[in-house]
Amino acid sequence: MDMSQQAAMTDGEVKKIDMEAGKITLKHGDIKHMDMPGMTMVFTARDKRLLVNVKPGDKVKFMVVNEGGKMVVTDIQPAR
Ligand SMILES: [Cu+2]
């Protein structure tokens, strides 16, 4: 696997959280392992519990994977 394709934490800012649907809107920086430039978009949380510790306006670092075309957040932490 090429180093640039390896999954890594991405910088983001929380815009909106939909606890019911388990979705989070993030303004994110470049996601190198997905060849995706920065943008604001909706992600699905793998586990709704990932969303309890963050709120709109928070700067975060998050891990995202592509699961059959669906962007799934597998980890999210406050940025330091
Ligand atoms: Cu995006």
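Among contacts in the chain between residues at least 6 apart in sequence, 46% link residues at least 24 apart. The model is predicted. Its secondary structure amounts to five strands and zero helices. Buried residues account for 19% of the 80 residues.

**Overall fold**

- The elements follow the order β-β-β-β-β from the N terminus.
- The C-alpha trace spans about 35 × 30 × 20 Å along its principal axes.
- The radius of gyration of the chain is 12 Å, which agrees with the value near 12 Å for a compact globule of 80 residues.

**Nonpolar core**

- The largest nonpolar core holds twelve residues.
- Its members are Val 14, Ile 17, Ile 24, Leu 26, Ile 31, Phe 43, Ala 45, Val 60, Phe 62, Val 64, Val 73 and Ile 76.
- Two or more core residues come from each of strand E1 (10–18), strand E2 (23–28), strand E3 (39–45), strand E4 (59–67) and strand E5 (70–78).
- E4 gives the largest share of this core, three residues.

**Val 14 and its contacts**

- Val 14 is one of the core residues.
- Beyond its neighbours within four places in sequence, Val 14 contacts Ile 24 and Leu 26, among others.

**His 28**

- His 28 sits in strand E2.
- His 28 counts as buried because 22 other C-beta atoms lie within 10 Å, and the cut-off for burial is 20 or more.
- Setting aside neighbours within four places in sequence, His 28 touches Thr 10, Asp 11 and Gly 12, and also Gly 38 and Met 39.
- Glu 67 lies 39 residues from His 28 in sequence. The C-alpha to C-alpha distance between His 28 and Glu 67 is 18 Å.

**Asp 35**

- Asp 35 is in the loop between E2 and E3.
- Asp 35 is exposed because it has 9 C-beta neighbours inside 10 Å, and a residue with 12 or fewer counts as exposed.
- The phi of Asp 35 is near 55°, a positive value in a residue other than glycine.
- Most residues other than glycine have a negative phi.

Terms used
Residues numbered from 1 in each chain as written. Predicted model: local features only at pLDDT ≥ 70, side-chain atom pairs only at ≥ 80, totals over all residues. Helix = DSSP H or I, 4+ residues; strand = E, 2+ residues; numbered from the N terminus. Rg over C-alpha atoms; globule rule 2.2 N^0.38 Å. Contact = placed C-beta atoms within 7 Å. Core = buried A, V, L, I, M, F, W, Y, C linked by C-beta atoms within 7 Å.
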